[in-house]
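Good morning, and thanks for coming. Please have a look at the sequence and the structure before I start.

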Number of protein chains: 2
Amino acid sequence: MTELSLSQPSFALDDAVALLMRTPTTLDALLRGMPEWWTRANEGAKTWSPFDIVGHLIHCEETDWIPRVKIILEHGESRTFEKFNREAQFEASQPQTLGGRLDQFAALRRENLRALAELRLSDADLDRTGRHPAFGVVTMRQLLATWVAHDLDHVMQVSRVLGRQYGDDVGPWRAYLRIISGQQG
Amino acid sequence: MTELSLSQPSFALDDAVALLMRTPTTLDALLRGMPEWWTRANEGAKTWSPFDIVGHLIHCEETDWIPRVKIILEHGESRTFEKFNREAQFEASQPQTLGGRLDQFAALRRENLRALAELRLSDADLDRTGRHPAFGVVTMRQLLATWVAHDLDHVMQVSRVLGRQYGDDVGPWRAYLRIISGQQG
């Protein structure tokens with residue numbers, strides 16, 4: 001992205017893992033023990049609460065990232081990834097307390113990072129390709145980078161959903177708060 | 001905000017403190033020990049890196065929230081708040097390592113929450129008013145709610161700045177990642 005002023009090294013698996021191992025702790029620090037009205041509040045119809053978002057992250061750990069890594073390694077482009085269920089966090093199979101969801105997300109992430117380490121992916125493996133149901137051919141590197149960016153996307157979303165609950169309370173300061181005004185930047 | 005589907009209780013100081021005490025731990029979990037290229041990267045000219053953002057939060061603890069609370073209690077609307085310096089994080093007085101900044105932010109937040117508790121603000125105190133240099137009359141409640149929303153705004157920003165560094169690496173998945181595409185929602 002040319003808009004970035006600092007040079008970024010090429011994608012490195014160690015960097016990705018550095019972030020992936022931190023996400024469960026980050027969400028735990030932000031959410032565990034918070035008032036329930038707040039962690040169950042969303043941004044309106046068909047939007048997700050922090051509770052919902054952690055459920056979504058659990059489902060991704062179960063069905064998306066490492067399963068797709070293994071499909072690439074075992075089948076390459078010949079087997080299309082399964083479609084992802086974006087509504088799984090509303091099913092009864094998920095833990096029904098936020099603490100339970102945070103625990104399960106942390107445990108699944110630990111297992112998945114252990115599985116990733118055991119695969120000992122080489123630079124050549126990062127160039128291997130698979131087939132996405134919508135995008136067609138994708139690389140292992142893109143899949144792993146997306147795992148990272150997806151974590152950060154949802155940390156961002158959790159912060160935003162929490163912050164917006166104070167939209168009225170901040171009064172005139174809403175003009176300075178991008179989290180309330182909805183502006184980027 | 002009528003767009004929110006779940007009912008929110010009226011602003012409560014205990015809720016605000018529940019979030020405020022978590023922010024240093026959240027940022028510590030997300031940032032400490034991460035690769036330096038990543039925590040020093042920004043979103044382009046005149047934008048902030050995670051390192052810069054933690055410096056900004058330090059300066060807010062030193063000059064904004066609790067000092068303004070005290071101005072309201074001592075002077076009401078008769079003394080306008082000091083203008084805030086949005087560039088203080090680029091000054092040499094700030095710690096020059098991310099770990100040092102995280103430590104300082106956590107220590108200042110602890111002190112400020114202790115000072116807040118010692119003030120034993122009543123519901124009537126939350127209705128007290130002060131004078132903002134741009135907005136005019138504001139309430140204690142609005143100031144404290146803004147402290148909370150401002151924390152979350154910058155947790156959101158840190159996540160976004162980190163995620164955008166992977167903007168190229170995710171390939172076609174950028175279409176699904178609001179953190180990269182810049183879309184809200």
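Predicted model: local features only at pLDDT ≥ 70, side-chain atom pairs only at ≥ 80, totals over all residues.

Now the numbers. Helix 2 of chain B covers residues 23-31, and helix 6 of chain B covers residues 98-119. Their axes are 9 Å apart, and the helices pack at an angle of about 165 degrees. An angle over 145 degrees counts as roughly antiparallel, and therefore helix 2 of chain B and helix 6 of chain B are roughly antiparallel to each other. Their crossing is left-handed.

Which residues meet there? On the side of helix 2 of chain B they are B:T23, B:P24, B:L27, B:D28 and B:L31, and on the side of helix 6 of chain B they are B:L98, B:L102, B:F105, B:A106 and B:R109. Sorted by class, the residues of this contact are seven nonpolar, one polar and two charged.

Next, a second pair of helices in chain B. Helix 4, residues 50-63 of chain B, and helix 8, residues 140-164 of chain B, have axes that come within 9 Å and cross at roughly 170 degrees. Helix 4 of chain B and helix 8 of chain B are therefore roughly antiparallel to each other. This crossing, too, is a left-handed one. Helix 4 of chain B contributes B:P50, B:I53, B:H56, B:L57, B:C60 and B:E61. The residues they meet in helix 8 of chain B include B:W147, B:H150, B:D151 and B:H154. The class count for this contact is eight nonpolar, four polar and two charged residues.

Where is B:P95 placed? It sits in the loop between helix 5, residues 65-75, and helix 6 of chain B. B:P95 lies 40 residues from B:G55 in sequence, while their C-alpha atoms are 8.1 Å apart in space. Neighbours within four places in sequence aside, B:P95 is in contact with B:F51, B:I58, B:G100, B:R101 and B:Q104.

On to chain A. Chain A has nine helices and two strands. Starting at the N terminus, the order of its elements is α-α-α-α-α-α-α-β-β-α-α. Along the principal axes, the C-alpha atoms of chain A fill a box of roughly 55 × 45 × 30 Å.

Last, the interface. How many residues of chain B are in contact with chain A? The count is 75 residues of chain B, in contact with 73 residues of chain A. Between them the two chains bury about 6,600 Å², of which 63% is on carbon and sulfur atoms. Two salt bridges are found across the interface of chain B and chain A. A:R178 and B:D153 form a salt bridge, with their closest N and O atoms 3.9 Å apart.

That is where I stop.

Methods:
Residues numbered from 1 in each chain as written. Chains lettered and ligands numbered in written order. Heavy atoms only, no water. Axes fitted to C-alpha atoms, helices over the stretch in contact; angles between N-to-C directions. Helix = DSSP H or I, 4+ residues; strand = E, 2+ residues; numbered from the N terminus. Parallel < 35°, antiparallel > 145°, perpendicular 65-115°, else oblique. Left-handed = near helix turned anticlockwise from the far one by under 90°. Contact = heavy atoms within 4.5 Å. Nonpolar A, V, L, I, M, F, W, Y, C, P; charged D, E, K, R; others polar. Buried area = accessible area lost by both parts, 1.4 Å probe. Salt bridge = Lys/Arg side-chain N within 4 Å of Asp/Glu carboxyl O.
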